[in-house]
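Here is a short report on how two chains meet and on the side-chain pairs found in the model.

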Amino acid sequence: MHEFYVKRPSAIHQIDARVKLIFILVFIIFAGLLPDEAWAAYILDLSLILSLALASQVGYRVVFKRSLLVLPILLAALPLIFFGPKPHISIELVHDIELNISQPGSTRFLAITVKSWLCIQAAVLLAATTQFTDIVTAMKQLRVPVIFTSIIDLMWRYLFIMIEEAQCLLRARSSRSAHDHRSPFNLRFLIWQARMTGGMAGSLFLRSLERSDRVYAAMLSRGYCGELLPAERLPLSKENWKILGGGIWVAGLIFLIGLLAGG
Amino acid sequence: MSHFPFLSPLPMHIPDGFLSILVSILFWVLSIIILGFALRKTNQTIGERQIPLMGVLAAAIFAGQMLNFSITGGTSGHLLGATLATIILGPWAAILVMTSVVAVQALVFQDGGILTLGANIFNMAIVGVFVSYAVYTISMRYLRNSKWGTVVSGFLAAWSSIFIASLSCSLQLTISGTSPANIVIPAMGAIHALIGIGEGLITTGALVFISSARKDLLQNAGSAAEVSKGVLGGGVLLALVLTVLAPLASSHPDGLEWVAEQHGFLANARDAFYQIIPDYIFPGISNPALATIAAGIMGVVIVFGVAWGLARVNKAGRGQKSI
C-alpha cells in the first residue's frame, strides 16, 4: 500500500498541479458528454492519454495495469446488454432457449466501458505524475475550504502509520487464531469473528484518538494556533496558462470531432 | 490488486463514466451545499484541537476499511465507518471526515471517479452519516442509554446507513441510464443488506470495546441534550424517500427508467447531447440546446432553493428555541 507516484524527470511532472487537476476534470467532462457511438473520438482520447503517458515517461503499461481496476465495477452495467430497450436480437442457445440481446443496450454498455476506462486512465496519469502533497497545495490555492485541506493534510501525514497499525492488528489476529476451519455457515462463529474485527476497529480508533492528542500537543509546542501553514497564493505562470489552454483546446477539439462525426 | 485490500467488490465507489454528466454535476451541487452547512456548523462548535483529531481519525477510518473477516465464497465483511465516526464525532464533523476519506480514495487510489466524487460523497459521507445519526438517535431514545441500547442502536444505524446508501447509489446509476432499475435496485439492495450485517457486527464490536475502554467517548453521542434536529430530520427524510423511491422505481420501470431512456437510449448520436432533459424544454427558447441548458440551470437553481429554504426554516426553528 503506497502512493501511486512514479518519479520521473519529465516536463509533465513539472507542470503546476492546478493545471493538471483542472485539465483532468475537463477531460472527464468532455469524455462523459460524448455521444455513445463516437468511436472516432474515443480513439483520439485514447491516443491523447497514450502520448501523455509516453511524454511523462511513466509508460503506458503502468497506466494500463492500474486502469483495470474499473473492470469488476462494470458488472453494474452488464444487465444493459440483456435488459436494455428494443430492438432485441434473439440467439438460440439450445432448443427452445433463447437469449435476448438488446442492441442499443449493448452499444450503451460498450460506451460506458470505454468512457469509464478512459476516465480512470486520466486519473491514474494525474496520480502518477503529481505528488499528493502538491494536489493538496493545488486544492488550497483553488480555495477549497481550509478545514478540508487541513484534515486531508493531516490525514495524509498519518495515513500510512494508521495503515501499518491496521496491518499489525491483522497480523496479530492471524498469528493467534491461525486459520480456523470451522464451517462458514456456523452463525456463532461468524458473529464471534465479526466481534473480534470490531474490537480491532475499536482499538484502532482509540489509538488514533490518543495519537491525535499527542499530535495536538506537538503542534501546540511548535506554535500552532488554529491554522496550518497556508499555501502560497501564487498566480499561475504564463506558461502554465498556455499549457492549460492548449490542453483544454485539444480535449475540446476531440469532443467536437466526436459530436460531428460520431454515430 | 494487493494494493487495494479495502477495494470493495461492489459498486459503492462509482467510477467516472458511470453517471451522466448532468447527474454528476447535480450531486456535486447538492453535496457542496450540504458540506457548506457542515463547515459552518463545525466552525461554530469545534476548537483548534479538533483539526488534528479529525485528520488522524480520517486516517484511522481509511485504514479501518482494511479490517475484514471472511465469509464464504471469497466475500468478506468489512467496515465503511460512517456510523462509528458519527457516534464518536457527531454528525457534522463526521461528514467532513468521511468526505476527506472518500476524496483521498478517489484522488490517490482511483477508488471512485473524480467527476462522480460528488455523488460518492453524497452516498457515503452524507447519506451514510445522516441516516446513521437519525437511526442511532431515535433508537437510543427508545432503548435509553443502557449498554444494550448502544449495541442495538449501533447495529441498526450501521446496517441502515449501508443499505440506504446503496439504494441512493443504485438510483443514481438508474437515472443515468447505466443499469436497468428492475435489476440493479433489488440486486444492490439485497447484497448491501448482507454487507450491512457485517458493518453492523463490526460496528457493535467496536462500540462494545470503546464502551469498556473509554466510556466517556460514547456518553455525549445521541444524548437528548444536543440532538441536531436538522440532521435528524434530514436523515429520516433521506431514509424514507430512498426506501419508498427505490422499490417504486424497480417495480415501475416506466418511472425512473423513463428518465433513463430519454436520457440515454432514445437519443442516438448527436441528439443525445441536446436531449439531456428533453421534455423539460424551455418555453420561449427555440434553440433546443439553449433551452436544455436553461432547463438544466433552472433545475439546479430549484434544488439549491429548496435546500436553502429548508435550511432557513430549520435555522429559524433553532433560533426560537435558543431564545
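## The bridge between the chains

The model is predicted. Start with one contact: Asp213(A) and Arg49(B) form a salt bridge through their side chains, 2.2 Å from N to O. The count between chain A and chain B is one salt bridge.

Where do the two partners lie? Arg49(B) sits in the loop between α1 (21-45) and α2 (50-64) of chain B, and Asp213(A) sits in helix α9 of chain A, so the pair joins two chains. Arg49(B) counts as partly exposed, at 27% relative accessibility. Asp213(A) is also partly exposed, with a relative accessible area of 39%.

## The interface as a whole

On the chain A side, 89 residues are in contact with 76 residues of chain B. The size of an interface is often given as the accessible area lost when the parts come together. Here the area buried between chain A and chain B is about 7600 Å². Carbon and sulfur atoms give 80% of that area.

Five residue pairs are in polar contact across the interface of chain A and chain B, with both residues at pLDDT 80 or more. Several helices of chain A give two or more residues to the side that touches chain B, among them α2 (17-33), α6 (103-129), α8 (146-177) and α10 (238-261). Helix α9(A) gives the most, with 24 residues. By residue class, the side of chain A that touches chain B divides into 64 nonpolar, 16 polar and nine charged residues.

## Salt bridges within chain A

The structure holds eight salt bridges over all chains. One of them pairs Lys115(A) with Asp36(A), with the closest N and O atoms 3.7 Å apart. Lys115(A) belongs to helix α6 of chain A, while Asp36(A) is in the loop between α2 and α3 (39-55) of chain A, so the pair ties together parts that are 79 residues apart in sequence. Lys115(A) and Asp36(A) are both buried.

Another bridge joins the side chains of Glu165(A) and Arg207(A), at 3.6 Å from N to O. This pair links distant parts of the chain, with Glu165(A) in helix α8 of chain A and Arg207(A) in helix α9 of chain A, 42 residues apart. Arg207(A) is partly exposed, at a relative accessible area of 36%.

## Aromatic pairs

Over all chains, the whole structure has 12 aromatic pairs. In Phe23(A) and Phe27(A), the ring centres are 6.3 Å apart and the planes stand at 45 degrees, so the pair is tilted. Phe23(A) and Phe27(A) are four residues apart in helix α2 of chain A, separated by about one helical turn. Phe23(A) counts as buried at 14% relative accessibility. Phe27(A) counts as buried at 3%.

Trp39(A) and Tyr42(A) form an edge-to-face pair, 5.5 Å centre to centre with 70 degrees between the planes. Both lie in helix α3 of chain A, three residues apart, about one turn of the helix. Trp39(A) is partly exposed at 35% relative accessibility, whereas Tyr42(A) is buried at 5%. Ring pairs also link Tyr60(A), Phe64(A) and Trp117(A) into a cluster.

Note on methods: Residues are numbered from 1 along each chain as its sequence is written. Chains are lettered from A and ligands numbered from 1 in the order in which they are written. Side-chain values use heavy atoms; hydrogens and water are left out. Contact means heavy atoms within 4.5 Å. Buried area is the accessible area (1.4 Å probe) that two parts lose on being put together, summed over both. A salt bridge is a side-chain nitrogen of Lys or Arg within 4 Å of a carboxyl oxygen of Asp or Glu. A polar contact is a pair of N or O atoms within 3.5 Å; within protein, one must be able to donate a hydrogen and the other to accept it, and residues adjacent in sequence count only if both atoms are side-chain atoms. Ala, Val, Leu, Ile, Met, Phe, Trp, Tyr, Cys and Pro count as nonpolar, Asp, Glu, Lys and Arg as charged, and the others, Gly among them, as polar. Buried means under 20% relative accessible area, exposed over 50%, partly exposed in between (1.4 Å probe, protein chains only). Rings of Phe, Tyr and Trp (its six-membered ring) pair if their centres lie within 6.5 Å; planes under 30 degrees apart count as stacked, over 60 as edge-to-face and the rest as tilted.
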